[in-house]
Amino acid sequence: MRHLQPSSFTDLMSLLPGGVTKDPEMGSVNRIDLRSASGMTQNDDYATAALGTAFVVDGVRLNTDADMQTTPDANRTARISTGKGVDMRSLSTDDIESVEIVRGIPSVEYGELTSGLVNIKRKSGAGRLEARFKADTQSQLFYVGKGFDLSGDDTWIINAGVDYLDSKIDPRNNRENFKRVTGSLRSTKRWTGPVARITWNSNFSYSGMFEKDDNDPDLAVNNTIDFYQNSKHTMRWDNTLRYVPSVASVLQELNMVSGLSYGHEQLEQQKHVASSRVMPMPVSLVEGDNYIGYLPMLYLADYRVEGRPFTASLKGSGRLRFGGSFLSSALKFGVEWNMNKNYGRGAVYDISRPLTAGNNTRPRAFRDVPAMHQLSAYLESETRFYACKHTLLLTAGLRETQLLYLDSRYELSGKPYFDPRFNLVWSLPPAYVRNNPLGFELAAGAGWHTKMPVAAYLYPEKLYSDFEQLNYYHNVEDYRVMNVRTYIEDMTNYRLRAARNFKWEVRADISYRGNRLSVTYFRENMTDGFRSSGFVHTYTYNRYDASGFDPYAAGRAPLIEDLPYQSETYLAVRSKTTNGSRTLKEGVEYTLQSRRLPVINTRLTISGAFFSTTNSNSQSLWYKPSIIANGRELQYVGLYDDLDGNNYRSVNTNVLFDTDLPRLGLNFSIGVQNLWLTSRKTLRRDGIPVQYMDVNGDIHPYTDECLSDPYLKQLVRNFTESSFVRQNVPTETSVNFKATKTFWQKRVGLAVYVNRLAYIAPDYERYGITIRRYSTPYFGMELNLKI
Amino acid sequence: MTSNKIQIKNLFLSVALCSAMGLSVASCSDDDNTVVTYPVVIAPTYPAELPSSYTVESGTITYKELNSGRTYTFELPLTDSDVIPAGTYDIDGQMEVSFVNDEGTSVTRTLRAVASQQVISSTAQSASLKWFFYNPSNTLVFGEIYFAGSLNAAGTNGLYDTYFTIYNNTDEVQYADGLAIVESKLLNTDANVIITPANQREANFTVQTVYVIPGSGQDVAIAPGESIKIVDQAIDWTAQVPGALNHTDADFEWYDESTSASVKDTDNPDVPNLDKWYSYSPTIWIASNQCNRSYALVRFPEGMTAEQYLAEYDGTYKYISSVTQKEMTGTKCYLVKYDWIIDGVNLCPVESWIQGALSTSVDASYAAISEAKTDKNRFGKKFVRKVAGVSAAGNTVLMDTNDSAKDFEIVSAK
């Protein structure tokens, strides 16, 4: 891992089959996307795979469910991690001892996941002071850490580490940057008695992320500065108490794990807003008929979001073991409770001076959102059969999860979810080829996985809609008036369920003389991921006619009570979070690892994958075209049962030659990454609604006659046949180089890396246009010290 | 050469021109040997309405070389002595033809043709010209167009104190009732190739907004030499931002009722609103701030209703994107027949101009507010039709040659 010279956890992803080395992208959330095709367009409607990948650090899951930070600024949504799981930018790789990334079927010990598990173990042990300084094209990173043996006999060890990253999104622009500070203090204390050994780990961690960008005042017309700042401080305190009997018994171990975390999140944005028109601005806080004012032509908007997410968890678990001559069995069990709540004040701003004129929400305190509690329990048996030199390892488990204290209106209230998961590994007796054993292993796994919705999904903001009833912008200021009918709607989808994913995979392993080939086929089909989908809402309001009103005679502006009116019904499609997102992942992963060849001390690793990923809606979609026909919006909404989505495919092979020359203290590797093909195919849609709804809420079938109706024909969505043709991007090869040289008993290490030292990507044609691809190398170097 | 065609109004200027001409002739004569000329050859197409037998009464074709700026004018019909040097030319032709029409009477009509960037070289000497009937006697025309707007309070962008006027260019009272104002769907800056025949620039005008002046026939009278002003927001903008315009005197405003939370319009009770037959935008319509679309005044056939129009003239079309060469679909648009258009204008900044959304028969060129599309100097400037002269009845006649580059000038809006 050190040889990779990573800046953040994102950089480790290139080690996975199908992974491709990428340059750091610190200007947006780095979300994890296991077993997904390369070249996918990220879309928040398909973020459940990232949200459903659990990050567990030293036994405690990083819980982001209480994150509710948000911004109305559409240009910054890529920096908001709410609902996207763990932002891998925030994870430093120093202090990490090992990482296990379970892409297949994880043990039922781990829950709150749909797509995978990242299990991180941090270093524990006394040693020299270690320091690392890394610089690359965009960033500088500094780390220092040390392990102390306080007791002198390894019974009490304290590890401490601090890491600082300063990254510029574009090296030419020092006004936009990303900074990260992480630090941890980790204590491990052991007591060894005649009956048992007790280990107590207590870890305190801090992680800070600071994003900032502002404009150059010298380039702004009035030398004004508009800025965006997002800071996140997270403190965690985790404790693990482990009891292991010294004498052989049925009880193997007992564990108690607790986790506490508190985040201090602040998003601040300031913008000089100059309006281009006189804009009526609804700021009503009550439902019903409201008189409203107008936005000034020039103002300073100040927007701030305060989040204070707090999480707590407690887990008790144990392991029992039963033995026999041709059968041994272990039983794992546990109970886990966790809660999360955001104590922040939420968005704090003057609603009459909004960042963007289109503001259909009002400030709400995050602390008004109820806490979420979750209780889960699991039981897993691990049975090993031995027969005729065959070994069969069957792991079968069941995990139960439910949310507690949830309002009974929710379908999720009191609803338990059961995740059965199986893994079977069959080791065949070795065959001997030239007196060397040839090992075979076959494995298969299948299981259900469940991720509960996050707080932002269960408790969305209220939606404010304002309908013009009287618009009277008189030449005389005193006579001006505007009246709207305000609707305040609860956008909660009480029918929201947990996202569930069923995965299965088969794997075959062959090993011979230290060489190993492993091939895995997998398929997972998640049909109820979280996304926003449309719901039809009906509104009624009055249109007042002030043409008969004489303000000069009355000496005042008209009031709606004075005026005749007509009732109007309006249909709108509003978004709520639903389980309408489908992600189908399918593919083959392979790894071939050679033993280190003698003389040249080089190991060859070939890994790669074929991935096919389909993202689409899984429920019919309501849609209303945004046009005005004959003076009003359409009075119909169409229901379309076609699939709005894409299929992505990628095939890649990474060939890594890594050479270790201990006598020279030299380690270098050359990685040849071939992305043979990436492709995208938009799923076919005909754009003809199956049904439509009128203003009375009645649903009618959409027939051929509708196509000649001046209004109903507008519901047809037009697509071009060529949009559905698969678009292939042909092969792309890059050569990456990494080298590390150590001096003075490995106390000083110098390392360098170059991404895309060579880059070969032939031109290709699309629709008769030649597309040329080129790329510039990305490089960095680092200094490691052990004092 | 062309000196005899230049209308010289000023004696001093003519002296200056003559001396300049003398210099150029002198310099030409020095390297006469090296200039290769080619015969002027045109490949004409004629409008379908023109019968096969007709007589050319008179006419000229002007070649303007784009690099040197030189113009060469030839009388029609062309003779063997009409030659031009190699170069890239904009070609402009006009001729009077007489023929016997379907009713059996002999008529004389004007034909015009324009072509841009025609290369004349040793391998290509033929220029294709598409002639169309030219009828500059429009009744109602765009008088002024102010779509860039004044500078906003921060000085960063344009305000929407935008407007246009419709001018009565005749000596009789004209009625604007039922007149539609339409904005092109196509940008004059894109090179997309339209596949659908009905949406070809020469076939129909593809539009994305249709606003109609209300009235039952004789409600909106415009006296000869007078105009009506139609504004986005009928507001005294001077009270909002210094230097902006006062629109409380507008004759109409286009008021857009909006159910969106983000954008709402204002409605001045003293200024009537336009009827809104169709708009691609569910909220407000903003006329092209970069002034790179085309606009037309449309007189629908008698009895046309909004519903009938919406049902029958859907303009959804297919095109090849000039950027990706991919076939795409253009949606949210309607078709307007050229027979219905009484005046049209292409607007575009000079650097961005590719092709007009209107047929060359409606506008042979375009009016430009600036060289570059994001030039901030465009704010506060408007297109104003030039004055052609005074009619017999004493009314100001605005220039309307269906050639916006010649018809409009740019002046300050204040």
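Two residues are in contact if their C-beta atoms, placed from the backbone, lie within 7 Å of each other. Keep that in mind for the views below, which come from a predicted model where local features need pLDDT of at least 70, side-chain atom pairs count only at pLDDT 80 or more, and totals for chains, interfaces and linings use all residues. Residues are numbered from 1 along each chain as its sequence is written, while chains are lettered from A and ligands numbered from 1 in the order in which they are written.

**View 1. Where chain A meets chain B.** The contact draws 46 residues from chain A and 49 residues from chain B. On the chain A side, at least two residues each come from strand E11 (251-274), E23, strand E27 (565-593) and strand E30 (628-629); strands (E, at least two residues) and helices (H or I, at least four) are DSSP runs, numbered from the N terminus. E23(A) gives the most to this side, with seven residues. The side of chain A that touches chain B holds 22 nonpolar, 19 polar and five charged residues. Here Ala, Val, Leu, Ile, Met, Phe, Trp, Tyr, Cys and Pro count as nonpolar, Asp, Glu, Lys and Arg as charged, and the others, Gly among them, as polar.

**View 2. A strand pair that links the two chains.** E30(A) is joined by two bridges to strand E19 (residues 275-279) of chain B, and the two run antiparallel. Two strands pair if DSSP finds at least two bridges between them. Look for Ala629(A), which stands opposite Tyr278(B) in E19(B).

**View 3. The three-stranded sheet that contains E23(A).** Follow the order E13-E24-E23 in chain A to trace this open, antiparallel sheet. Strand E13 (288-291) and strand E23 (463-472) of chain A are at the edges with a single partner strand each, so one side of each has no neighbour in the sheet. From one strand to the next, the twist averages 30°, where axes are lines fitted to C-alpha atoms, for helices over the stretch in contact, and angles run from 0 to 180 degrees between N-to-C directions. Nine bridges hold E23(A) to strand E24 (residues 481-489) of chain A. Glu468(A) has Val484(A), in E24(A), as its bridge partner.

**View 4. A closer look at Asn483(A).** This residue sits in strand E24 of chain A. Asn483(A) counts as buried because it has 22 C-beta neighbours inside 10 Å; the cut-off for buried is 20 or more other C-beta atoms within 10 Å, with exposed at 12 or fewer and partly exposed in between, all C-beta atoms being placed from the backbone. Beyond its neighbours within four places in sequence, Asn483(A) is in contact with residues including Asp289(A), Tyr291(A), Gln469(A) and Ile560(A).

**View 5. A four-stranded sheet in chain A.** This open sheet has the order E2-E1-E4-E3 and mixed pairing. Strand E2 (60-61) and strand E3 (96-102) of chain A are the edge strands, each with a single partner strand, so one side of each is left without a neighbour in the sheet. Strand E1 (residues 53-57) and strand E4 (residues 116-122) of chain A run parallel, joined by five bridges. Within this pair, Val57(A) stands opposite Ile120(A) in E4(A).

**View 6. The two domains of chain B.** Domain 1 covers 37-133 and domain 2 covers 140-412, with bounds from an automatic or database domain assignment. Their centres, taken over C-alpha atoms, are 31 Å apart.
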